[in-house]
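Trainee: I am new to this structure. Could we go through some of its features and how to read them?

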Amino acid sequence: MSDITKQSLTELVENIKNKKISSTDVTKGFIERSEKSGELNAYITDDFSSALDKAKKFDQKPNFNLKLPGIPMAVKDLFCTKNVKTTAGSKILNNFVPTYESTVTKNIWNEGAILLGKLNCDEFAMGSSNETSFFGNVQNPIDKNLVPGGSSGGSASAVAGQLTPITIGTDTGGSIRQPASFTGTVGLKPTYGSCSRYGIVAFASSLDQAGPMAQNVKDCALLQEVISSYDPKDSTSIDFKRNEYSKELSNNIKGKKIGIPKEYRVDGMPKEIDDFWQKGIQYVKDCGAETIDISLPHTSYALPTYYIVAPAEASSNLARYDGVKYGFRARGENLIDMYEKTRSEGFGAEVQRRIMIGTYVLSSGYYDAYYLKAQKVRKLIKNDFDEAYKKVDAILTPSTPSSAFKIGEKTNDPVSMYLNDIFTVPVNLAGLPAISIPAGHDSKGYPLGLQIIGKAFDEQNILNIAFAMEEKISFKNQINDWWIK
Amino acid sequence: MSIDLKTIKHISKLSRISVDEQRAKKLAGDLNSIFDFIEKLNELKTDNVEPLTSVAETTLKLRSDEVKSENIREQIIKNSPQDNKDYFVVPKVIE
């Protein structure tokens, strides 16, 4: 079957269960396509031969009761995978082989999926274009020399380019939703505490969440029900009743109240994006939902708050990379010199910049003015959402202020790069779930995404809204395989 | 506000990242533009606002204190940049 890699996850699962195709067929199909896709630079490490062995083993003794029976899957290289190199896109972890498995990936393998390889990402997930990776830029399958977004850029590129049927990314300030939007794919950032952070290389612990990235909403729902679990190994994991999101998926959203926040109509927003948003509002109405104008007054303070909170937590989390227990070590004249050179040579420019910001805002004399202040504003931002959710069931916004940009276009101006996440960052600060779905193209023909933000733990509701809208939008991703020779 | 080279050197020392003169200048420029952007927070009065430290409204759970040893010392040591079977090795600390 030559069109295996064109099938959705749901179709593949069905066809494997009905014995129309084997896990070996599917795994071979994705390996062959991945091997021809070197120019995308989506993979950091492949695990193809071992994947094929596992697929053969599955076919010899298949278990069709599993949710992902014999499905091959590549994952972001931020998830620790036992005995498979895990780099976080950094030179400092270039040779790190975990002795344990992240809970999220363990959940995936327990449901029968097979690791294809580890996908490129911005270094320590710090970036919005996948240009900070030690392993180089990732290309967007949509067009040559276009960024795939970030930090889960390799993941987005791999799903859009059909190198993997589905994948997982992580989202600290938009790292799943922004690349999903840039590549015409679906990306869900779950509620903080829904998916375990155990075994995920930490960036900003109060914001980080893992989530699915898929070709459609149903696939996304299926993977979400696999990865979301209560985990005693993560002290912020929350024990709540999780749905079987894909089984309970419904396109009936009649009477739902969808908030339209006026503050997201930011200064300088291109008319094209505003028009696109209006079209989104129409789709929601066509589905029988009601839209209500709401206010989230502190929206414009979210990015400055994020650029204190996230670097502060990062500077603390990244203190562990000292060249002693694992990873890269530079030669030094003494212990301190070794630390300083290791971190100077091992971390890239963006990571160093953020460690410096974080160190500064936490340093003596500045803590109250910056870090404490940011935590207070974070409270105001969360209060805005709490207030809005007294009136509405979900909120609809664009996912990003623009479509994908060219490689190199924003690398010299950190602040303009940070502005990419203007619509996604407030969600992380408030710990809410949000999904980006592809909903149209801009004048250049590049995909644009709409974001649906939900109440905490209300993943089912935003998945349903996304599912209903997806039907109305009937988006088609325009992939011409330009990178395949 | 303005972050000068002296401050950059100080932060560099605190964060154990050595920077040369050229990088320090570049970092000062970057950090100043980022902090200009962050200063926006001063528009807000927050005297009576409780800081939000975590969005997870949960109390830390206790677990039973059981030894769960996987006996993987060798594997762990193998990841260390300077090879030694039994210990992590660092440059000499005591003369």
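Mentor: The model is a predicted one. Start with helix α9 of chain A, residues 302-317, which has 16 residues.

Trainee: How far does α9(A) reach from its first C-alpha to its last?

Mentor: The general idea is to set the reach of a helix against the span expected at 1.5 Å a residue. Helix α9(A) reaches 22 Å, close to the 22 Å expected.

Trainee: How many residues of α9(A) are buried?

Mentor: A residue counts as buried if 20 or more other C-beta atoms lie within 10 Å of its own. In α9(A), 14 of the 16 residues are buried, so the helix is largely enclosed by the rest of the structure.

Trainee: What do the span and the burial look like for helix α11 of chain A, residues 349-362?

Mentor: The 14 residues of α11(A) should span 20 Å at 1.5 Å a residue, and its end C-alpha atoms are 20 Å apart, which agrees. Helix α11(A) is mostly covered, with 12 of its 14 residues buried. Among them are A:R353, A:R354, A:I355 and A:M356.

Trainee: What covers the buried residues of α11(A)?

Mentor: The cover includes α9, α12 (367-388) and α13 (414-418) of chain A. It also includes α1 (5-14) and α2 (21-38) of chain B.

Trainee: How many residues of chain A are in contact with chain B?

Mentor: One can count the residues on each side: 55 of chain A are in contact with 41 of chain B. On the side of chain A, the elements that give two or more residues are α9, α10 (335-346), α11, α12 and α13. The largest share, 10 residues, comes from α12(A). By class, this side of chain A has 27 nonpolar, 17 polar and 11 charged residues.

Trainee: Now pairs of helices. At what angle do α2 and α3 of chain A cross?

Mentor: Angles over 145 degrees count as roughly antiparallel. The axes of α2(A), residues 23-35, and α3(A), residues 48-60, come within 8 Å and cross at roughly 165°. That makes α2(A) roughly antiparallel to α3(A). The crossing of these two helices is right-handed. On α2(A), the contact is made by A:S23, A:T24, A:T27, A:K28 and A:I31. The residues on α3(A) include A:F48, A:L52 and A:F58. Six residues of the contact of α2(A) with α3(A) are nonpolar, three polar and three charged.

Trainee: And α7 with α15 of chain A: is the crossing left-handed or right-handed?

Mentor: Helix α7(A) passes α15(A) in a left-handed crossing. The axes of α7(A), residues 217-227, and α15(A), residues 459-473, come within 9 Å and cross at roughly 160°. That makes α7(A) roughly antiparallel to α15(A). Here A:V217, A:K218, A:A221 and A:Q224 of α7(A) meet A:E459, A:L463, A:A466, A:F467 and A:E470 of α15(A). By class, this contact has five nonpolar residues, one polar and three charged.

Trainee: Is A:I92 buried or exposed?

Mentor: A:I92 is buried, with 27 other C-beta atoms within 10 Å.

Trainee: Which residues does A:I92 touch?

Mentor: Not counting residues up to four places away in sequence, A:I92 touches A:Y321, A:G327, A:F328, A:G346 and A:F347. From A:V217, A:I92 is 125 residues apart in sequence and 36 Å apart in space, C-alpha to C-alpha.

Key:
Residues numbered from 1 in each chain as written. Chains lettered and ligands numbered in written order. Predicted model: local features only at pLDDT ≥ 70, side-chain atom pairs only at ≥ 80, totals over all residues. Helix = DSSP H or I, 4+ residues; strand = E, 2+ residues; numbered from the N terminus. Expected span 1.5 Å × (residues − 1). Axes fitted to C-alpha atoms, helices over the stretch in contact; angles between N-to-C directions. Parallel < 35°, antiparallel > 145°, perpendicular 65-115°, else oblique. Left-handed = near helix turned anticlockwise from the far one by under 90°. Contact = placed C-beta atoms within 7 Å. Nonpolar A, V, L, I, M, F, W, Y, C, P; charged D, E, K, R; others polar.
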